[in-house]
Amino acid sequence: MDLGFSAAQEEFRQRARTWLAAHVPSRPLPSLETEEGFAAHRAWEGELAADRWSVVSWPEEYGGRGVGIVEWLVFEEEYYAAGAPGRVSQNGISLLAPTLFDFGTPEQRARVLPPMARGEVIWAQAWSEPEAGSDLASLRSTARRVSGGWVLNGQKTWSSRAAFADRAFGMFRSDADADRPHRGLTYLMFPLDAPGVTVRPIGRVDGKPAFAELFLDDVFVPDEDVIGEPGQGWRIAMATTGEERGLTLRSPGRFLATADRLLREWRAHGDPADTALRDRVADAVVGARAYQLFTWANASRFRAGEQIGAGSSLNKVFWSEYDIRVHEAALDLLGAEGELRPSAPGPSTPAPGSPAPASPPPASSAPAPPTSSTSPTDWAEGYVFALAGPIYAGTNEIQRDIIAERLLGLPKGRR
Ligand SMILES: Cc1cc2nc3c(=O)[nH]c(=O)nc-3n(C[C@H](O)[C@H](O)[C@H](O)COP(=O)(O)OP(=O)(O)OC[C@H]3O[C@@H](n4cnc5c(N)ncnc54)[C@H](O)[C@@H]3O)c2cc1C
């Protein structure tokens with residue numbers, strides 16, 4: 001097996017590195033979970049897009065470079081190594097766009113994708129409801145057929161960045177008489193400033209205001225904003241999410257960069273006599289590299305036309321637990337200094353999540369993790385963010401059930 005890169009891929013890496021070196025802001029942007037930071041990150045998306053670096057794997061007609069999954073992974077490695085800002089467009093790019101590529105109409109792709117690539121329209125994921133998280137198929141928000149479109153009612157919750165986003169995508173119950181809960185759902189897009197939409201921020205432990213719940217009160221959506229066939233929402237949503245989570249939700253580039261930061265902290269502050277902590281640092285470095293190799297293997301399978309399917313649950317459990325471990329190691333290494341919280345706008349921070357149905361691996365509205373590191377306080381913010389990893393994108397309990405049943409062939413547990 002050849003694990004090397006082609007000359008063209010190396011050249012692509014070099015071009016990305018050169019561009020990033022010239023453009024990554026010299027100071028971290030304010031958190032994208034704040035209004036000011038959201039605007040700054042939106043502008044950054046525009047800068048990326050101006051030189052076609054915002055969605056490298058998309059076809060050129062929609063603003064991409066038409067490159068493959070390997071080049072995308074290469075770009076991500078360079079992106080995080082350069083300490084570039086978190087991606088405020090991540091929900092749209094990693095969840096809605098793949099859905100539109102597979103199930104959207106040419107008109108929808110032409111209308112939705114270019115402004116998404118430029119950061120002009122930023123999307124929120126509106127899947128979860130107060131009574132529908134892991135058991136997403138029990139969602140109760142409705143879509144009622146009217147002339148020329150649909151009328152939405154209900155409540156969505158835990159919507160990352162919805163307080164500042166422009167539009168949202170989600171599933172609605174369009175047929176109350178369907179014989180199974182996941183039948184009779186319709187996948188729709190809607191504006192967050194439409195009449196009848198109320199967006200209410202949900203308080204977060206870090207005090208940042210972008211996380212929100214949505215209340216929909218007779219919100220009209222035209223037919224052109226239905227994705228795929230009415231009633232097929234579940235199949236459409238699930239078809240794209242597993243593969244995306246397995247490959248693109250959390251690229252190894254992010255963890256390689258974090259492990260590298262930890263190693264630098266160890267070299268600067270570590271006590272050589274503390275062999276237990278030294279081993280945790282070594283584990284973090286090895287873990288990031290293992291995740292990179294595992295993802296490359298998935299990418300190779302994907303390129304060969306194979307499905308990743310339930311294997312994406314392995315990825316999710318691994319990176320979410322890894323992220324906590326690496327931050328804990330850093331905080332233990334830095335001691336009290338690592339616990340200090342920034343009082344001024346800090347580095348780009350994340351914003352997560354998504355729901356998990358009980359059967360096919362669910363979507364995940366991918367948070368944009370903290371990237372650039374300039375102070376020890378970044379670790380504390382990153383740690384708080386990492387704690388949410390086992391919850392969003394489908395809880396790890398659900399992922400472990402999927403691994404047990406589908407990969408290991410164990411009997412179904414009692415529920
Ligand atoms: C930071 C963050 C960001 C998020 N962003 C978004 C977003 O942008 N858009 C969006 O739609 N959603 C988002 N979510 C919601 C997220 O997807 C849900 O929190 C998640 O799917 C879990 O659903 P729940 O919170 O309703 O918990 P529940 O489903 O009520 O689960 C509670 C606990 O019970 C366990 N459990 C439930 N059922 C089973 C079972 N069958 N077997 C074993 N254990 C089980 C769960 O694993 C969990 O530990 C976000 C969540 C977080 C934390």
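Colleague: Are α7 and α9 roughly parallel or roughly antiparallel to each other?

Modeller: Please bear in mind that this is a predicted model. Helix α7 (residues 252–269) and helix α9 (residues 311–334) pack at an angle of about 15°, with their axes 10 Å apart. Angles under 35 degrees count as roughly parallel, and α7 and α9 are therefore roughly parallel to each other.

Colleague: In which hand of crossing does α7 pass α9?

Modeller: The crossing of α7 past α9 is left-handed.

Colleague: Which residues of α7 meet α9?

Modeller: From α7 they are Arg254, Phe255, Thr258, Ala259, Leu262, Glu265, Trp266 and His269. Their counterparts in α9 are Trp319, Tyr322, Asp323, Val326, His327, Ala329, Ala330, Leu333 and Leu334. By type, the residues of this contact divide into eleven nonpolar, three polar and three charged.

Colleague: Now α4 and α5: at what angle do they pack?

Modeller: The angle between α4 (residues 90–103) and α5 (residues 106–117) is about 160°, and their axes are 10 Å apart. Angles over 145 degrees count as roughly antiparallel, so α4 and α5 are roughly antiparallel to each other. Here too there is a left-handed crossing, of α4 past α5.

Colleague: What makes the contact there?

Modeller: On the α4 side, Gly92, Ile93, Leu96, Ala97, Leu100 and Phe101 take part. On the α5 side, the residues are Gln108, Arg109, Val112, Leu113 and Met116. Eight of the residues in the contact of α4 with α5 are nonpolar, two are polar and one is charged.

Colleague: Turning to the core, which residues of the largest nonpolar core touch the most other members?

Modeller: Those are Trp58, Leu96, Met116 and Met171, in a core of 28 residues. At least two residues each come from α4, α5, β4 (167–173), β5 (185–191) and α6 (233–247). The most is given by α4, with five residues.

Colleague: What is Trp58 in contact with, leaving aside its neighbours within four places in sequence?

Modeller: With that exclusion, Trp58 contacts Gly64, Arg65, Gly66, Ile93, Ala97, Phe101, Leu113, Met116 and Ala117. There is also a second, separate core of 26 residues, with Ile122, Phe190, Ala194 and Leu214 among them.

Colleague: And the chain as a whole: how many helices and strands are there?

Modeller: The protein chain has twelve helices and eight strands. Of its 415 residues, 56% are buried. Among contacts between residues at least 6 apart in sequence, 76% join residues at least 24 apart.

Colleague: Changing topic to the backbone, which residue other than glycine has a positive phi near 65°?

Modeller: That is Arg161, in the loop between β3 (149–159) and β4. Another is Arg52, which has a positive phi of about 60° although it is not a glycine. Arg52 lies in the loop between α2 (35–50) and α3 (69–81). For context, most residues other than glycine have a negative phi.

Colleague: Is Arg161 buried or exposed?

Modeller: Arg161 is buried, with a relative accessible area of 0%, whereas Arg52 is partly exposed at 37%.

Colleague: Lastly, which residues of α12 are buried?

Modeller: In α12 (residues 396–407), the buried residues are Asn396, Ile398, Gln399, Ile402, Ile403, Ala404 and Glu405. Gly409 follows α12 and has a positive phi, near 70°.

How values were computed: Residues are numbered from 1 along each chain as its sequence is written. This is a predicted model: local features need pLDDT of at least 70, side-chain atom pairs count only at pLDDT 80 or more; totals for chains, interfaces and linings use all residues. Side-chain values use heavy atoms; hydrogens and water are left out. Axes are lines fitted to C-alpha atoms, for helices over the stretch in contact, and angles run from 0 to 180 degrees between N-to-C directions. Helices (H or I, at least four residues) and strands (E, at least two) are DSSP runs, numbered from the N terminus. Angles under 35 degrees count as roughly parallel, over 145 as roughly antiparallel, 65 to 115 as roughly perpendicular and the rest as oblique. A crossing is left-handed if the near helix is turned anticlockwise from the far one by less than a right angle, and right-handed if clockwise. Contact means heavy atoms within 4.5 Å. Ala, Val, Leu, Ile, Met, Phe, Trp, Tyr, Cys and Pro count as nonpolar, Asp, Glu, Lys and Arg as charged, and the others, Gly among them, as polar. A nonpolar core is a set of buried Ala, Val, Leu, Ile, Met, Phe, Trp, Tyr and Cys residues joined through side-chain atoms within 4.5 Å. Buried means under 20% relative accessible area, exposed over 50%, partly exposed in between (1.4 Å probe, protein chains only).
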